[in-house]
Amino acid sequence: MAALAPPVAAIRVAVRRALTGLPSGPVLVACSGGADSLALAAATVFVAPRLGRAALLVSVDHGLQDGSAERAEAVAAWGREVGFGSATVVRVQVAGRPGGPEAAAREARYQALTEVARQQDVVAVLTGHTRDDQAETVLLALARGAGPRGLAGMPARRDLGGVPLLRPLLEIGREQTRAACVVLGLSPWQDPHNTDPSYARSRVRADLLPALVRALGPGVVDNLARTARLVAADNAALDELAGTALAAARCPEGALSVSALLGLVPAVRGRVLHSWARELGALPGALSHRHVAALDALVTDWHGQGPADLPGGVRVRRRADRLTPVDPT
């Protein structure tokens, strides 16, 4: 028997690890037809049945390019041929959504995946993000001045509308997914958006990351991804401390005790105020460091200033030893 090609073996091992321990039930692979998601799909349709679970596939058609519908249908047809229990196409509307084109497409895609996951009663959704995607995410977070949450990159697991979203390939390099496709005789689609310089991630992928590799060596990609893992672990610890501190600072009528907040180190206090702002209804996507800093000033630099305005029409003021939400009426 011929030895299994190392890239194929590595991807199958990564998928097996991700699926082990999940409740019984099918898993859903999001597949665009690119090398990363195609390699993930091929591994999942091999591994899942051997773990006693069904594998399903969905291809999301964003409708942003000529031929996108035919391409998505071709991916679904391939999925049915290789043994997926079902392989479907979902078309989404990107235009008219808030944010830039990348953010709008991402929002539409995840909304579609959430709906399909619920309809098909799957126990997890799998996406093909790789170690290279993680490195790019860290660089983009650095560029926009993101804090630890941004530098933590993409989590290997997060909630997607009540269903776990898994990224099994975050330890797998993009060169491995491409090599696996070659070994398996698969022909990935090359998304022109990945080389379109009008997109920030495309510029990072085509110019910045290769320049870093030339200047610092090939290990820079793994080092950036490792940084995300280390920061994510620190975030988890700080979030746990912040949860305890938030509970201790609560007062009647949804207020927070200023004296309790003053006793916290800044890293924890900022997380407490961020979580509390979200509880009050501040829009998560628009809640920034500037807003949290305004709340923090009510605690640490109080000189009678007016309320802090948060996205979503939320306002917070200080009264004596308490931060209180302002009644919109």
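Q: How many helices and strands does the protein chain have?
A: The secondary structure comes to 12 helices and 10 strands. Keep in mind that this is a predicted model.

Q: What does the C-alpha trace span along its principal axes?
A: About 75 × 50 × 40 Å.

Q: And what share of the residues is buried?
A: Buried residues make up 45% of the 329 residues in the chain.

Q: Of the contacts between residues at least 6 apart in sequence, what share joins residues at least 24 apart?
A: That share is 67%.

Q: Let's go inside. How many residues are in the largest nonpolar core?
A: The largest nonpolar core has 38 residues. Those with the most contacts inside it are Ile-11, Leu-19, Leu-57, Trp-78, Phe-84 and Leu-126.

Q: Which helices and strands each supply at least two residues of this core?
A: On the helix side, α1 (6–19), α2 (35–50), α3 (68–82) and α7 (174–184) do. The strands are β1 (27–30), β2 (55–61), β3 (87–91) and β4 (124–126).

Q: Which element gives the largest share of this core?
A: Helix α2, with 10 residues.

Q: What does Trp-78 touch, not counting residues up to four places away in sequence?
A: Trp-78 touches Leu-38, Ala-41, Ala-42, Leu-57, Phe-84 and Leu-186. Two of these, Leu-57 and Phe-84, are also on the list of residues with the most contacts inside the core.

Q: What about another core, how many residues does that have?
A: Another core lies apart from the largest one and has 24 residues. Among them are Ala-249, Leu-256, Val-272 and Ala-277.

Q: Back to β1. Is Val-27 buried or exposed?
A: Val-27 sits in strand β1. Val-27 counts as buried, at 0% relative accessibility.

Q: Which residues is Val-27 in contact with, leaving aside neighbours within four places in sequence?
A: Leu-19 and Leu-22 are on the list, as is Thr-44. Val-27 also contacts the run Arg-53, Ala-54, Ala-55 and Leu-56. Then come Val-122, Val-123, Ala-124 and Leu-126.

Q: Switching to cysteines. How many disulfides does a search of the whole structure find?
A: It finds 0.

Q: On to charges. How many salt bridges are there in the whole structure?
A: The search finds 16.

Q: Which residue does Arg-91 meet in a salt bridge?
A: Glu-73, at 3.1 Å, N to O. Arg-91 is in strand β3 and Glu-73 in helix α3, so to speak of reach, the pair links distant parts of the chain, 18 residues apart. Glu-73 is partly exposed, with a relative accessible area of 34%.

Q: And what about Arg-271, which partner does it have?
A: Arg-271 forms a salt bridge with Asp-239, and the closest N and O atoms are 2.7 Å apart. Arg-271 lies in helix α11 (residues 266–280) and Asp-239 in helix α9 (residues 219–249), so the pair ties together parts 32 residues apart in sequence.

Q: Is each of those side buried or exposed?
A: Arg-271 is buried, with a relative accessible area of 8%. Asp-239 counts as partly exposed at 31% relative accessibility.

Q: What distance do you have for Asp-309 and Arg-315?
A: Their side chains meet in a salt bridge at 2.6 Å, N to O. Asp-309 counts as partly exposed at 47% relative accessibility, and Arg-315 does at 36%.

Q: Last one. Where is Arg-167?
A: Arg-167 is in the loop between β6 (163–166) and α7. Arg-167 is buried yet has no salt bridge. The nearest side chain of opposite charge, Asp-133, is 8.3 Å away.

Q: What does the Arg-167 side chain reach, then?
A: The backbone oxygen of Pro-155, at 2.8 Å. The Arg-167 side chain also makes a polar contact with the side chain of Tyr-110 (3.4 Å).

Methods:
Residues are numbered from 1 along each chain as its sequence is written. This is a predicted model: local features need pLDDT of at least 70, side-chain atom pairs count only at pLDDT 80 or more; totals for chains, interfaces and linings use all residues. Side-chain values use heavy atoms; hydrogens and water are left out. A nonpolar core is a set of buried Ala, Val, Leu, Ile, Met, Phe, Trp, Tyr and Cys residues joined through side-chain atoms within 4.5 Å. Buried means under 20% relative accessible area, exposed over 50%, partly exposed in between (1.4 Å probe, protein chains only). Helices (H or I, at least four residues) and strands (E, at least two) are DSSP runs, numbered from the N terminus. Contact means heavy atoms within 4.5 Å. A disulfide is a pair of cysteine sulfur atoms within 2.5 Å. Lys and Arg count as positive and Asp and Glu as negative; His and the chain ends are not counted. A salt bridge is a side-chain nitrogen of Lys or Arg within 4 Å of a carboxyl oxygen of Asp or Glu. A polar contact is a pair of N or O atoms within 3.5 Å; within protein, one must be able to donate a hydrogen and the other to accept it, and residues adjacent in sequence count only if both atoms are side-chain atoms.
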